[in-house]
Every structure is written in C-alpha cells, then in structure tokens.
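Trainee: Could we go through this model together, beginning with the whole chain and then turning to a few details?

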Amino acid sequence: MSISALELPELLEAIATYLDSPDLISAACVCKIWSSVFIARVWHTLNNSHLLNPMFKLLPLNGHLVRSLTIVGNVDGALMEHCRLLDVLDLTLAPLDLHALENLVQKFPRLRRLTLNGCYGQELAWLQILQKLKHLECLRFLDDQVTDDLVEVGGENDVSESDEEEEEEEEEEEHSQEHDDDPEYLFDHDSFGENDDQDRLPFDYLGDLLVARARTLTELSLRGCSLRGFDLWEDLSSPSITPPILALRRLSLAETSVKSSDVVVLLKQCPELKELDLSGNFEPSWDSFPWSILHATQLTRLNLSQMCIDNKQLAQALLDCKGLASLIASQSNIQDTVLDTVVESLDGLVELDVSWCPEISEAAVARMLQRAATLKSLKLSWCAGVQSTIFRVPWACTRLEILEAQGLDRPPKEGRIGPNNVHDRVKQDEGEEEDELECDRAMFVQLSSLTELHRLVVGSSTTIISVSHGFGLMRWLSKLQELVLVGDDAHPMRLEELRLVAQFPHLSSFEFSLGLVDSAGQTALAGMKPSLKQQEQEIYF
C-alpha cells in the first residue's frame, strides 16, 4: 500500500513548526494521522498566555505532550505536576526556595535546557542542586532586568511589584520581631551586607557544576550574577590535579565581576568554545588580561562591550582567531589597531558593533567599509570620531542586513570668516544649505544601494529627512522591516516622505526622533499603513 507524502510523520512535524495554534488545531481536524502529529505540536510549547486559553483546561489529559514551558511569575503546582516530560523550562520571577528547587530537579530529570531569571531567593548555591540534572545541556542562570513587556505576558500569573514590596516588608518585620531576642541570629548570614554574599560562600558551586556536567553542558550563561570573591577550582590547584576538559560551546560571564584569572583557567579547559561574552566587567584586572588565551578556543563570536581592554594584546590575539565572525565592542575603549586587525585578518567577519566607541577614528571606519565585504550587521552609532562623511566613501559591504549609524553629524565648518555685509551673509547661507544638501544626499545615495537591509537606524540632529535631500531614493529598500530615523526637528517629515514610509511592503516598526513627525503626520501614517507600529523616541542624546 503506497503512503502519501503528506502522511509521513517526519514531513508533518516539519510543517507543524511553521504553524501557529489556530492553524495547528485546524490541521489536526483533517484526519487521524494528522491529528496525532499536530495535536502534539499544539501542546509542545506553552507559556502564560497559552494557559489563559479555555482549551488548555484539557492539560491534565495532554500534559505528557508538553516539552517546553515558559512561565513569568508564580508557578502553578498542578501545571508542573502534569508536564512531567519537559525538555525545556524557562522560569522568570518565580518564587522558589531550595526545597522547591529540589522538587523541580526530581520531577524533571529529563531537562536539557533550563533558564532561571531573577527568581526570588536565587543564589549561586542553587548550582549545587542543578548539577544533579544529568542531561542538562544549557543552563541560563540569570539576574537580568525584566522589562515591562515581559511581565505583561504573564497575565494572571504576574506578580505585582507593589504586592511584592508589601509582602517583603511584612516578612522582614515578622522576621526581625521573631529573632530580636535571639543572640545566635545575629550571626546568621542575613545579618551581613549584600556585598559580602559571595566572599563567605564555603563552596565553589560553579566549579562543582562544571566538573559534574563537563561532558553534557554546552551552553552556560551567568549574566548579572555576581561572582565576586569566587576562586574557580581552587581545590584543584594542585599540579597533580587538573580540571576536566569541558564541552562548553557558548559561555556568558557578562556583568558578573568575575576575576580575569578565573576566566583564564576556564578558557584553558574549553577547546570547543565558540561564543564568549565578557561584557560589563569593569574590574582593573582586565586591563592586563592575557588575550592570547583565545588561541585555545575556536571562537566565532566575542562580546567585549563596556570593557577596558589592552588593544595591543587583543589585536595580536585576533590575528590567530581566523574563525571569528562576530565582534561586539560597544561602549569600550577599542581603538583603530583592533579594527584594522579585524578587517585585515578575518575574511568571514559578519557582525561588527563599535557603537559609542570614542577612540575609533573615521579613517579606520572608512578603511573597514571599503574592505569588509562579508559584513551583514554593522553598528557604529554615536562614535565621537566618526562623521557622516563616511557615506561618501565606496562601501564593499553591500549585503548588509542591519545598519545602525545614528548620531554621526556633519563635519564642522572650519576656517570660514564671518560676513561683512548682507550680500555676503546671503551667499554664506546658500553655501551652508548646499553643504547640507550634499551631505544628506550622499547618505541616502549610499543607503539606496543596500537593498538587503532589514533594519536601518540612521540620521542625526542635523539631518533633514526630505525628498529634496534624497530621501526618495530609499524606495529601493524593499526588504526593510524596521526603520529608525533621527532628524532635524526644525524640518519635520512631510506627507510626501510619510507616503514613502508607508510604501515599504514589509515594514512593521517605525521609530523617529522627537518632533520629526508631528501628531497630524502620525495620524496620516496610521491611516495609510494601519499595521505599522509607530514610536517617538522620548530621549534623544
């Protein structure tokens, strides 16, 4: 008996990944074969918003189909009880304690990916419990700031900030009254300052986790979790005992205050490491970090944002990182030496971010633009040493999909003597207008050649966004999905320019600087393209 291609489970499962819940339910009604595949996909991934759907009252019957669960706020115990075969669990702002964490590990021994973000009571001592997850491949143990949008997703399970504060205050009062007369309580760990938390921990929880899951853990993120005071693998410092080789491929120690010496020890044991994020570590020890240790890895992505680095050492180390495709160094002290090395030695550079880097020169950026033909994402906004004249040089990176280049002003007018009479003043004003027109037109001409752009952030407080200055050339950017324009609020966009914005077929988001689009223009644009999300930038530097 022949089997139709549309009855093959493997093909149906591939199709199901592209459908949303309503389409999956419709497909499940076609026949029994389709039902078994598409119903499983309906229940495969759940989050807070899904749980508000009346259909999910059937969870007790279908919980065994759930493989991925994302919850913001309080966790329903019954929900966790029904989803015993989870592979992926993401909890944000969940009120957990050690006992709850022990239960979680026991209930979900199959977990391969676990994210704990800002859970109440979260501390690095939890790593000692999490190392019991024998199949754990990805651990994201975060202390990130949770955005308002993320909390809104939670629906009824959300935790009100005011309620939290009131509950915490009540607990603190009860706690203090309960132990005021207990002298032993004075020596409890809660009586110490917050900055001493990591210094008094008796165990190397991170080191123990890495040893226990050396062969399975391929991704680890500790973003925002303080590692101050930790000595990684201090117990293994004996020459006769060495740490194990780790399977890590992605590692984030961003904003952890980790000691640079610990990172050196760790990187030596990660020969397969491909992505490394060290951003936000400001400690002086990073000024002399031996970047040559990068040779021991297979890095393809490196994030050094908000760091003070030794440019000479880093440039020398990057000469041997031939596979590096992404360098993120925004708000750092990166200099021309590193930028030139990256362009000259890396043939496959795809992503570069040097936004807010005051020591990068326009000459180095120009050399990069003329040589980095493989770039697909470039961010160089608000670089003090770079001006809008970079749009006048020929660009080799014509396949860019993301370009952020806002805050690049026109070059200052130097050596111009003030006019002596009205006639001379008129001629000077005409010359300045011609310079403005030439600068803006050069920018829009260059942008019109970047036909693969999906996201564009461009302009400055001196840019005039008008068809007469070349904005009409933007019509060639047919793949644009996100557009952010900064311009001179003394020359707001007119209906002619807004019509052009509305004509971008795939544009879903349009942001603009304060005053660039007046209320009448926003109303008109909403009428021309109702699906377009408009947002006025409230803060403009």
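**Overall fold and local detail**

Mentor: Of the contacts in the protein with a separation of 6 or more, 69% are between residues 24 or more positions apart, contact meaning heavy atoms within 4.5 Å. This is a predicted model, in which local features need pLDDT of at least 70 and side-chain atom pairs pLDDT 80 or more, while totals for chains, interfaces and linings use all residues. Residues are numbered from 1 along each chain as its sequence is written, and side-chain values use heavy atoms, without hydrogens and water.

Trainee: Is serine 355 buried or exposed?

Mentor: Serine 355 lies in the loop between strand E11 (351-353) and helix H15 (362-371), helices (H or I, at least four residues) and strands (E, at least two) being DSSP runs numbered from the N terminus. Buried means under 20% relative accessible area, exposed over 50% and partly exposed in between, with a 1.4 Å probe and protein chains only. Because its relative accessible area is 7%, serine 355 is buried.

Trainee: How do the axes of H13 and H14 run, roughly parallel or roughly antiparallel?

Mentor: Helix H13 (residues 311-318) and helix H14 (residues 336-345) pack with their axes 9 Å apart and at an angle of about 5°. Angles under 35 degrees count as roughly parallel, over 145 as roughly antiparallel, 65 to 115 as roughly perpendicular and the rest as oblique; these angles run from 0 to 180 degrees between N-to-C directions, with axes fitted to C-alpha atoms over the stretch in contact. H13 is therefore, relative to H14, roughly parallel.
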